[in-house]
Each structure stands twice: as C-alpha cells, then as structure tokens.
Amino acid sequence: MTPAPAQSIPGFDDLDLDWLRARRSVKWNRPDQNVLPAWVADMDFPTPAPVVAALHDAVDRHDLGYPDWPDGSPLRRVFAKRMAERYGWAASADRVREQTDLIQCLQLILHLATTDGDAVAIQVPNYPPFLATLRTMNRRVVPVPMEDTDDGWRMDFAALDADVKRSGCKALVLVNPHNPTGRMLTHDELGELAAIARRHDLLVISDEIHAELTYAPHRHIPFASLSDDAAQRTVTLTSATKAFNLAAIRCAVTHYGPDRLLALRDAQPPDLYGTVSPLGVVATQAAWEHGDAWQRDLLTVLDRNRRRVHEVISRRLPLVRHHLPDATYLAWLDTRPLSLGEPPVEKVLRNGRVLLDGGVPFGPEAHGFLRLNFATSQPILEEILARVTAALSSREG
Ligand SMILES: Cc1ncc(COP(=O)(O)O)c(C=O)c1O
C-alpha cells in the first residue's frame, strides 16, 4: 500500500536550491553544483525568525561594542532556566562558562582534567572531531562499542565496566543523544553508566547538543540530573547550534559539576581560550527564550523525514540495516551486506551525486556505514533518497 503523501509544512518544505547553493556554509559550498549535500550536520531550513529578529536588532542599533558582562553573559541564567523547565534539572547559572563551540569545550576539559597518555572512554562510532581530538591530544581511547541489535543500538555495560577498570580510565566522553546512531539512552541505561562512573571515579563529559532534537516518546535526561554523585562528576556541554541551526554563531556553554575543575578553569588567564561573541549570545538567547514554536514545527518535519528515510531504505534496500533514530536528524545506514567493494560514500557520490558522510572518520568500526542528514525539505529529501537508493542498487561502477 502506498502511504498517503505526508503534509507539506510551509517554511520548511519550500526550499529553493539556488538560495541554498548561494550559502557560504560548507554543506552547500563544497560539493559541485550537480550534487545534493546530505553530509555535515547543518539543516537546510531558514533561521528561526526570533533569532533573525534579535540579530537584526543588535546590528540595526549598531550595538557592536564591548559587552558589559562583569559576571558572565546572560546565557548562564538562560541556560539554567531552560534546563529546569525542560528537564527539571537544577543546573546552576554560576557553574556555566561560555565557549565558542563544543569541540573547544571538550578540548579544554580534557586539557584541564587529564594528561598525555591518560585513558578516556568514548562510544564508537562517534562524531569524527571528537575521535580526532583524542588522537591529537594523545589520550588513550577506550572504545565503548555501540552494538547493533534487533531492538536498536545498545551499549554493553559489563564490558565497559571491565574495560574502564583494566585501562585505568580517567574520563568518559558520553554523547547522548548519540551521533551517528541517533540513540537516546534511557533512565535505566544512564543509571548503569552513573554506577560505573562512581565505581571507577570517572569524570563524565556529557555532550548533549542534540538533546532538543528528540522524538516522543523518547525523553532526554541530562546526565548531571541523575543523582548528586552524577552532578558532582559531570561536565555538561551544549549549545543552541544543532537544535536551532546556528553553527556559524560560534557559541556554546559548559556546565561544571566538579568544584575542582571549575576552580581550575577560572584560574586560567581569562582570554586564553577566547571569548564568545555578543552576537552569538544574542542569537542563543533568542533561540532558547523565543524559539520553541519554530522548534515544534521543526520536530514535526524531522519526525516525518526520519520515518520516510526508514520506509524508503527498508523497501528499496532491504539488506541495509537501519534503526529509526530516537533523536537527531541523522540516519546511520549499514551497507556492509551489499558488499559494495568500495567506500559507500564514494559510490553514492559518483553514481548518485549525493554527498553523504560515514566510514572510518567515525571510527574503524564505521567502515561500510553511511550517515544521511535528513534535515531538508520534502522534495529535496525525496530526490536524495531516489538518488541514494539507485546508486546503491546499481551493480556497475
Ligand atoms: C555530538 C556532537 N557534538 C558536537 C558537535 C559540534 O558542535 P560544535 O559545532 O559546537 O563544535 C556536533 C556537530 O555535529 C555533534 O554532532
């Protein structure tokens, strides 16, 4: 049975290709004109109107002088309020510090809390710059495999417990919701992780950047909100950049649970790690305070798109393993049963003229996987899916 065509949503489904191709962002700028990009985690949708209005307001008033933030930016308070409202987590505004992006947040925490040769656990596959960071900073990677089961992606907590003990691990980098699988850990699973962290005295560096892109009935739970012990050993990293599509604003926040780490951070020369742009703060504040209506429409579109990807891949490429993501706008496709004989990203680019992500940058175990970004309009997604499935079905080339 052919499903009824899903409803088109104004503002999200009426994207113009020339308008997208005129963008300077890497997603649209890098590929050739005849290629459709579904790779880097940027969305194609227009910026939320409240963010545009706030940025215009600052620029129109020529409000580009030094900011007056003796006690930190307003984001500290706005972040704490949002965490309380959304998750019932009593984050403390006094424990928030601003950074330009989450990669910088991670590097700073690793720099302050660990040293050359220390073991750090991280889920694999993972967001490539995080894995690259651990390599460049010469931290020993303790891989925490995401395992593909008939019920979706799972973590083996007994194996993690043993690995952490054996390696003398200092920290766990937790990406929840997880990029690239889209898995959202449940309360029970987070509890298992919290017990392991407590048993082995791990610092937990919790990346929650995709938290607001969660599909009901799944529910995001900030790791630091689990218990007093978790709160005291967790550094939470987030920003408005994923859930409101604002990567260019270069603005993120870190919430420090451990007193010692916060003191260490504050003992650094104040500008050593850069300072955040007031325009980044204006945009983030507008998104967090006035962007919820836009985000509700966004989630309707993304939920429809994730189901469409799942349906088309299951029907046209039944050998490709794939789970409906619980969160994120990323689909993680296991093409290994197709025995393509070449990295699928290259095959899809050459035969289908779609640029996807995937493969070994996400970790050695990601060989043969594709990551498809479905945060685009219905017509563009249909064209992407038609091209990808045709490219992966074709035997030649
Ligand atoms: C899990 C995760 N963390 C961090 C980032 C990047 O964040 P930022 O641009 O703030 O460094 C991404 C981007 O896709 C991501 O998926």
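R95 is buried, with 22 other C-beta atoms within 10 Å. Here "buried" asks for 20 or more other C-beta atoms within 10 Å of a residue's own, while 12 or fewer makes it exposed and anything in between partly exposed, with C-beta atoms placed from the backbone. One thing to keep in mind: this is a predicted model, so local features need pLDDT of at least 70 and side-chain atom pairs count only at pLDDT 80 or more, though totals for chains, interfaces and linings use all residues. Residues are numbered from 1 along each chain as its sequence is written.

**Around R95**
- R95 sits in the loop between α4 (75-87) and β2 (96-99); helices (H or I, at least four residues) and strands (E, at least two) are DSSP runs, numbered from the N terminus.
- Who does R95 touch, leaving aside its neighbours within four places in sequence? Its contacts are H255, Y256 and L262, where contact means C-beta atoms, placed from the backbone, within 7 Å.
- R95 and L262 are 167 residues apart along the chain, yet their C-alpha atoms are separated by 7.3 Å.

**Whole chain**
- The protein chain has 14 helices and 13 strands.
- Its radius of gyration is 21 Å, close to the 21 Å from the globule rule for 397 residues, so the chain is as compact as a globular protein of that length. That radius is taken over C-alpha atoms, and the rule is 2.2 Å times the number of residues to the power 0.38.
- Along its principal axes, the C-alpha trace spans about 60 × 60 × 35 Å.
- Of the 397 residues, 45% count as buried.
- Take the contacts between residues at least 6 apart in sequence: 72% of them join residues at least 24 apart.

**Domains and core**
- The chain splits into domain 1 (17-47 + 292-392) and domain 2 (57-290), with bounds from an automatic or database domain assignment.
- The C-alpha centres of domain 1 and domain 2 lie 25 Å apart, and their contact takes 24 residues from domain 1 and 27 residues from domain 2.
- On the domain 1 side, α12 (292-316) and β10 (330-334) each supply at least two of the touching residues.
- The largest nonpolar core has 107 residues, and those with the most contacts inside it are L106, A121, V173, I205, A283, L356 and L372. Such a core is a set of buried Ala, Val, Leu, Ile, Met, Phe, Trp, Tyr and Cys residues joined through C-beta atoms within 7 Å.
- Both domain 1 and domain 2 give residues to this core, so it lies between them.
- V173 is in contact with L106, V120, I122, F130 and I205, leaving aside its neighbours within four places in sequence.

**Strands**
- β3 (residues 119-124) and β4 (residues 140-149) pair in the parallel sense over 6 bridges; pairing needs at least two DSSP bridges between the strands. In this pair, V124 stands opposite P145 in β4.
- β4 also runs antiparallel to β5 (residues 152-155), joined by 4 bridges, and E147 stands opposite R154 in β5. With 2 residues between them, β4 and β5 form a hairpin.
- Elsewhere, an open sheet of 3 strands has the order β10-β13-β12, with antiparallel pairing. β10 and β12 (357-358) stand at its edges with a single partner strand each, so one side of each is left without a neighbour in the sheet.
- β10 and β13 (residues 369-373) pair over 5 bridges, and L333 has L370 in β13 as its bridge partner.

Methods. Two residues are in contact if their C-beta atoms, placed from the backbone, lie within 7 Å.
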